[in-house]
Amino acid sequence: MLARPTDRNGDILPVAVPGDLLSGTEAAASALRDHMKLFPGDWWENAEKGNPVFDLITVSRRTEQDARTLASALTSYLLAFPGIRTVSDVQASIERQVFSFSCIAHTENGETVPVHFAAP
């Protein structure tokens with residue numbers, strides 16, 4: 001997998017030579033970051049794609065039970081991403097109405113990618 005590099009704001013940076021492209025774990029992490037930020041309906045090619053948590057948190061009071069439900073939805077969402085074999089070390093919490101999630105995604109080629117997500 002190859003991916004274009006981005007700056008800290010998520011803006012795509014220019015690539016002068018193919019060696020400037022991200023590869024391996026960096027490319028997988030970049031793709032997963034973008035995947036986690038995708039709102040349902042935002043992708044014109046497939047309006048059904050998108051992180052389900054954004055819809056779920058709008059109808060939830062954000063209790064500890066909600067954290068388990070949201071973590072389960074995110075884990076399923078990650079596992080549906082091409083190239084992800086398993087997800088481990090899942091942690092989720094809700095503090096002051098902010099949902100936080102982290103895990104390790106394991107790719108088909110043996111790389112591990114840390115995943116972090118937070119939604120107010």
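**The second pocket and its surroundings**

Modeller: The second largest pocket is lined by Ala-3, Arg-4, Thr-6, Gly-10, Ile-12, Ser-30, Ala-31, Asp-34 and Lys-37. Keep in mind that the model is predicted. The volume of this pocket is about 160 Å³. Helix α1 supplies the largest share of its lining, four residues. By class, the lining splits into three nonpolar, three polar and three charged residues.

Now turn to the largest pocket. Its volume is about 210 Å³. Ala-31 and Asp-34 come up again here, among the residues that line the largest pocket. The lining also includes His-35, Leu-38, Trp-43, Lys-49 and Gly-50. Tyr-77, Ala-80, Phe-81 and Pro-82 belong to it as well. Helix α1, residues 24-37, gives the most to this lining too, with three residues. The classes are seven nonpolar, two polar and two charged.

The model has three aromatic pairs. One of them joins Phe-39 and Phe-54: their ring centres are 4.1 Å apart and their planes are at 25 degrees, so the pair is stacked. The cut-off for stacking is under 30 degrees. This pair connects distant parts of the chain, 15 residues apart. Phe-39 sits in the loop between α1 and α2, while Phe-54 is in helix α2, residues 53-56. How exposed are the two partners? Phe-39 has a relative accessible area of 41%, so it counts as partly exposed. Phe-54 has 15%, so it is buried. The cut-off for buried is under 20%. Phe-39 and Phe-54 also belong to one aromatic cluster, together with Phe-99 and Phe-117.

Two backbone angles deserve a look before you leave. Most residues other than glycine have a negative phi. Asp-89 is not a glycine, yet its phi is positive, about 50 degrees. This residue lies in strand β3, residues 84-95. Asp-89 is exposed, because its relative accessible area is 56% and the cut-off is over 50%. Gln-97 also has a positive phi, about 70 degrees, and is not a glycine. You will find Gln-97 in the loop between β3 and β4, where β4 covers 98-107. Its relative accessible area is 44%, so Gln-97 is partly exposed.

How values were computed: Residues are numbered from 1 along each chain as its sequence is written. This is a predicted model: local features need pLDDT of at least 70, side-chain atom pairs count only at pLDDT 80 or more; totals for chains, interfaces and linings use all residues. Side-chain values use heavy atoms; hydrogens and water are left out. On a 1 Å grid over the protein atoms alone, a cavity is a set of points where a 1.4 Å probe fits but cannot get out, and a pocket is an open set with protein on both sides within 12 Å along at least five of seven lines; lining residues have an atom within 4 Å of a point. Grid points are joined across faces, edges and corners, and a volume is the space filled by probe spheres set on the points. Helices (H or I, at least four residues) and strands (E, at least two) are DSSP runs, numbered from the N terminus. Ala, Val, Leu, Ile, Met, Phe, Trp, Tyr, Cys and Pro count as nonpolar, Asp, Glu, Lys and Arg as charged, and the others, Gly among them, as polar. Rings of Phe, Tyr and Trp (its six-membered ring) pair if their centres lie within 6.5 Å; planes under 30 degrees apart count as stacked, over 60 as edge-to-face and the rest as tilted. Buried means under 20% relative accessible area, exposed over 50%, partly exposed in between (1.4 Å probe, protein chains only).
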